[in-house]
Amino acid sequence: SIQGPSHCSNMTTIGDVVDAIGFGPSQIVAACIGGGIWAADGAEILMLGSITEALSHDWELSRFARSAVVSVVFQGVLVGNLLSGVVGDSFGRRPPVLISYGCIVVFSVLSALTWNVWTLGFCRVFVGIAFGLGQPAWNAMCSEVSPTSMRATMNIMAGCCWCLGEMYSAVLILADDPALKDLDWRRLLIFASFPSLILGIFASIVLPESPHVLAQRGKFAAARKVLARMAAFNGRSEAAEKSMRLCPKLADCEDNTDSDTEEDESVSSEDDVEIHNGMTYCEKLRILWGPKLRFTSATVCISCFTCNFLYYGGVYSFPQILPHLPLKISPAANLFLGAFFEVLGTFLSVLAMRMSDRKGNFQIGFGTQILSMGIFLFGLLMQTPLSDMAMQVGFLGMKLTILIPFNAFYIYSTEVYPTAVRATGTASCIACGRIGAILCPFAYEFLSHHSGTSKEKECWSFFAFLIVLTALNAVLAVFLPFETKGKKLLEELE
């Protein structure tokens with residue numbers, strides 16, 4: 001079994017203290033600042049997907065090269081995800097987030113100075129690594145600073161930042177060229193990095209380390225200080241103090257709390273390279289893929305693959321599809337409208353999370369995606385008076401409902417693993433998801449090229465493939481053995 005210092009007693013754990021603090025301004029600020037990693041990702045990815053046509057014209061790119069420019073970002077994200085699990089479990093959740101913001105800004109600006117597809121691809125790989133480094137660490141931290149009843153809401157609030165990032169980029173594109181035909185891609189790439197610069201500065205000032213991680217490292221005084229700050233910000237100091245006194249390790253360090261320095265809140269000391277009593281990365285993997293968690297890990301990894309394939313397949317394909325569809329709304333305006341519907345989808349996702357358990361959300365999300373893609377394909381392939389409306393409804397339906405399964409699986413991946421391997425488990429699932437993001441641009445270009453139809457309809461085979469992939473994953477998700485809604489985060493795995 002995994003034992004950790006944060007399992008203070010049978011009466012009170014760090015999670016119990018967080019529950020006593022409740023939901024309030026401290027979580028909202030954390031979601032906006034830490035979750036800004038997703039806003040930066042949303043802004044950058046939508047921008048890159050939208051400028052592929054402009055890049056093709058400037059550098060005469062083939063279909064393969066055009067898809068590779070986007071795919072290399074996700075290859076970098078995959079590397080970053082794998083690194084994030086090690087860094088997040090070994091050095092804490094905060095350092096990867098701060099490093100991520102800084103690297104996004106630097107390599108996004110360098111991307112605008114490139115002179116061919118190779119130099120651009122090189123810079124975008126490092127932008128992807130930056131995304132991948134920060135996101136799993138933030139996802140783990142998000143669950144760790146949230147009360148049990150609000151974990152899903154907190155993760156979805158942070159995920160909403162992605163949609164806001166997309167809307168930011170869509171506004172920039174709309175101002176530059178609504179038809180997406182003649183975009184100034186260098187200027188747009190620089191502007192797309194501004195959210196990372198601003199949020200990174202705020203994160204370095206106000207984002208604390210996770211109290212779970214501090215307690216696991218034996219830094220109980222520092223954990224107590226972080227919890228006390230959260231409680232004060234939420235106006236729950238008295239309730240939190242009472243709960244901390246019931247936790248022996250936190251109660252014992254009460255007298256020393258004031259003497260802690262900011263350095264005490266760091267988890268990267270030389271004596272503590274590994275958080276959990278010298279547990280190696282291989283040992284963590286043996287837990288993740290051991291008898292109790294093997295099927296769960298495999299299913300969540302496959303599901304994250306499907307969700308990423310669905311989501312990023314749309315992000316890559318629609319900027320290329322929309323200019324050729326006979327819709328009454330301009331392509332850039334449709335991108336903005338799609339991002340706005342994703343924001344609405346975050347609230348729909350919250351409602352679905354409250355009305356149903358995690359496994360129910362998996363089926364709701366996949367089912368609505370299949371329905372929306374079917375409507376879009378009907379409008380695309382059938383010549384009827386309702387074809388244009390069907391395409392518009394199908395496009396917006398995909399945008400409205402994609403976050404239901406996406407959020408559900410990402411939240412599930414932060415809840416189903418014990419603290420000792422939570423960042424590693426979450427990072428592994430997200431990394432597998434990124435394989436889907438890596439492959440979807442190539443899949444779109446390949447299937448569209450061999451569809452045997454006109455430019456306006458060549459995407460039909462790609463969306464037909466998505467429907468089959470989603471249906472198969474929905475069947476697999478039925479057999480997940482664990483339900484995590486309303487359950488406290490595991491401190492140990494027996």
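Q: How many disulfides does this model have?
A: A disulfide is a covalent bond between the sulfur atoms of two cysteines. In this predicted model, the count comes to 0 disulfides.

Q: How far is the sulfur of C301 from the closest cysteine sulfur?
A: A pair counts as a disulfide when the two cysteine sulfur atoms are within 2.5 Å. The closest cysteine sulfur to that of C301 belongs to C432, at 3.5 Å, so the two are too far apart for a bond.

Q: Where is T148, and what does T148 touch?
A: Look in the loop between α7 (117-144) and α8 (151-176). Setting aside residues up to four places away in sequence, T148 touches D19, G486, K487 and K488. With a relative accessible area of 14%, T148 is buried.

Q: What about α8 itself: how many of its residues are buried?
A: Of the 26 residues in α8, 20 are buried, so the helix is mostly covered. From first C-alpha to last, α8 reaches 39 Å, close to the 38 Å expected at 1.5 Å a residue.

Q: Which residues is E483 in contact with?
A: E483 lies in the segment after α22 (460-477). Leaving aside neighbours within four places in sequence, E483 is in contact with D357, R358 and K359. E483 and K359 are 124 residues apart along the chain, yet their C-alpha atoms are separated by 6.9 Å. The side chain of E483 also reaches the backbone nitrogen of K359, at 3.3 Å.

How values were computed
Residues are numbered from 1 along each chain as its sequence is written. This is a predicted model: local features need pLDDT of at least 70, side-chain atom pairs count only at pLDDT 80 or more; totals for chains, interfaces and linings use all residues. Side-chain values use heavy atoms; hydrogens and water are left out. Helices (H or I, at least four residues) and strands (E, at least two) are DSSP runs, numbered from the N terminus. Buried means under 20% relative accessible area, exposed over 50%, partly exposed in between (1.4 Å probe, protein chains only). Contact means heavy atoms within 4.5 Å. A polar contact is a pair of N or O atoms within 3.5 Å; within protein, one must be able to donate a hydrogen and the other to accept it, and residues adjacent in sequence count only if both atoms are side-chain atoms. The expected span of a helix is 1.5 Å times one less than its number of residues.
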